[in-house]
Amino acid sequence: MLILTIFSCNTSTEVPKGSLTGTVSLEGQSDFSGITVAIYDLAELDPEIVGINSQYPNIGIKITQHTEFDHRLQSPIKSPETDIDGSFELTKIPTGKYNLVAMKSDFGFKYLYEIEIEEGDNELTPNSPPDPLSKLTPNPSLKKEGKPNNDGVILHAGAYPALAGEDWTSLARSSLKEGSQRSKSSHPFYLPDHRNLGEGGSSLSFSSRRIRQLSEKTDSLEGSRTSDIILFPETVISGNISNSITVLPDHHLIIDDDTVFVPNTSSLTIHPGAVIRINPGIDLTIHGTFTAQGEENNMFWITSNDGFDALTPPVILSGVEGSQHNSPVRRSFSVGGTPNTQNRDEVALYNSMELTEICNIENDLIMWGKFDYANTCLLNQVNNLHMQNGIFRDADTGIKVSDVAIIDIHNINGYNCSGQSGASIYTLLSNNGNVSENIITNNYCGIFIKNNSNKIINNNYILKNIYGVRLWQTDVIFEFNHSEKNEQDLDIAGLGSPDISKNNFLSNTGILFYCIMAYPYATPIINQNNFFNSDYFIYIQHHHEADSVNAEYNYFDGLDCEEEIELKIYDRFDYPESMQNEVGYINFENFTTNIFQDAGIR
């Protein structure tokens, strides 16, 4: 036994390591040196949100590396630069999964998620063939330098016509079916704008026969692209934009100074995987047509242009009204240099992106987009907008909707919005619509419904906010929500009679009557809810002038006598006698000791 113990202690415990090689190119360049290729540990996924995703897959969106990773917030494990031919090698990497970022000043960045490093030598895309897309002739109506024409601007002319009348989506689907039985002759093939592929290059398997078919269609055309990753020149705009601009997958558009897309003639189209970076303090205003429909694994991203690149992007759109500015902006991170960890609180915020009341939103739909680092990520004044499957985070206010008749907000993740006058979801003077099936966590205020806004608030998971939901001066139906670990689950103020039923309240205080002089009176109906609160089930502040509040038929943490329940309800009888005529009381008769099994998220 002693011999075995000594032998065990001398056994090596060194972690197996591997290397990674690949190539990166720059569109329009022949020298591909100096591109930083960095690998990062995977972003940590919030375990509580992961749990919510698992328990309630129908609400919010599932968080992944694609939704959570931001290289500004981490230090890389290794970050070599490419040689003149674009080749790179990362060595002595402990085996496991990593995120990879290719980046260079003036060319933006591109993410590849969950790259697996195995022991020994690894290639980023072994045996990848030339990309047939590169052999296609660009549309002659588009100018390579990105200058506008009568048809508008497609940044860097990255769109190509279909092959001999065939649609690339059809080709991809055909090849997927054809390659369902993979052989040694199959090849990975990058098609970043395909519907089901992730940003940064998921791969499809094309059979050798299909590759030959594609090559035969393109043999007469010039050019080839054999690199594993392609970076495109950044483009910068500002001022009044009167034409159409399309931002293609993996392209970066910089909003340099206050920018307005003027009415009637202008449009902004954002493709899946496109990145819009708005300089700190700057507004982007859309009066024209707006299209932004990403995909689940290839979301578009609108963020602050802080922490990316200290240099002014060189590609300027000529023929566009407005000036181009080179004013410096504070940044604590330099693309192409050695990245440093940047705290979320250190990223300077863009001011707002506004969709005005005359903006035309394609299909009344914005979906699968990430918005972050703004005073107001998205300010919407367009009637009948459907905002779904998105993320609003790290801002003062996430999405704010004002002065519309109908609005629908669902399957949103809203977190880390710290503005005390805003919320992750804030609706004001919006008469009808739904705020449903959202995950709202770690905000000063999760959802703020103010002044007759939105009729149905349901099936939301509300977690770890100061104020989970605020209902001010509004009549709403607030039902089937789960509210947990907040300071206050629900904050009610102002004239109105919201209907509050079939909810679970599990925070410090369940319902707070927030009575300020401008909003002194509220008469909600509070029935058939489950209260599990640690401090108070219901708390009425001074100056609430209603005579009584209907809070019958509720479950109060299993308590079976009025005296015990009364200890966790703060109302008229808890104030000095001289103040009692200014404070209402809670009528909690007919309470039950049986939990409402159908309360909470359905």
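**A buried ring and its neighbours**

Guide: Happy to! Let's start with Trp301, which counts as buried because its relative accessibility is 1%, under the 20% cut-off for that word. Please keep in mind that this is a predicted model, and that the values here are computed from it.

Which ring pairs with Trp301? Tyr111 does. A pair of aromatic rings is described by two things, the distance of the centres and the angle of the planes. For Tyr111 and Trp301 the centres are 6.2 Å apart and the planes stand at 50 degrees, so this pair is called tilted. Now look at where the two residues sit along the chain. Tyr111 belongs to strand 5 (residues 109-117) and Trp301 to strand 18 (residues 300-304), so their pairing ties together parts that are 190 residues apart in sequence. Tyr111 is buried too, with a relative accessible area of 0%.

Next, turn to the face of the Trp301 ring. Lys370 lies over that face, at 4.7 Å from the ring centre. You can find another such arrangement elsewhere in the model, where Arg602 lies over the face of Phe480 at 3.8 Å from the ring centre.

Ring pairs join Trp301 and Tyr111 into a cluster with Tyr40, Phe69, Phe109 and Tyr113. The model's count of aromatic pairs comes to 24. One of them is formed by Tyr40 and Phe69, two members of this cluster. How are the rings of Tyr40 and Phe69 arranged? They are edge-to-face, with 5.5 Å from centre to centre and 65 degrees between the planes. This pair also links distant parts of the chain, 29 residues apart. Tyr40 is in strand 2 (residues 36-40), while Phe69 is in the loop between helix 3 (65-68) and strand 3 (87-94). Are Tyr40 and Phe69 buried or exposed? Both are buried.

Trp301 is a buried residue with Tyr111 as a tilted partner and Lys370 over the face of its ring. Through ring pairs, Trp301 belongs to a cluster that also includes Tyr40 and Phe69.

Definitions and conventions: Residues are numbered from 1 along each chain as its sequence is written. This is a predicted model: local features need pLDDT of at least 70, side-chain atom pairs count only at pLDDT 80 or more; totals for chains, interfaces and linings use all residues. Side-chain values use heavy atoms; hydrogens and water are left out. Rings of Phe, Tyr and Trp (its six-membered ring) pair if their centres lie within 6.5 Å; planes under 30 degrees apart count as stacked, over 60 as edge-to-face and the rest as tilted. Helices (H or I, at least four residues) and strands (E, at least two) are DSSP runs, numbered from the N terminus. Buried means under 20% relative accessible area, exposed over 50%, partly exposed in between (1.4 Å probe, protein chains only). A charge sits over a ring if NZ of Lys or CZ of Arg is within 6 Å of the ring centre and within 35 degrees of the ring normal.
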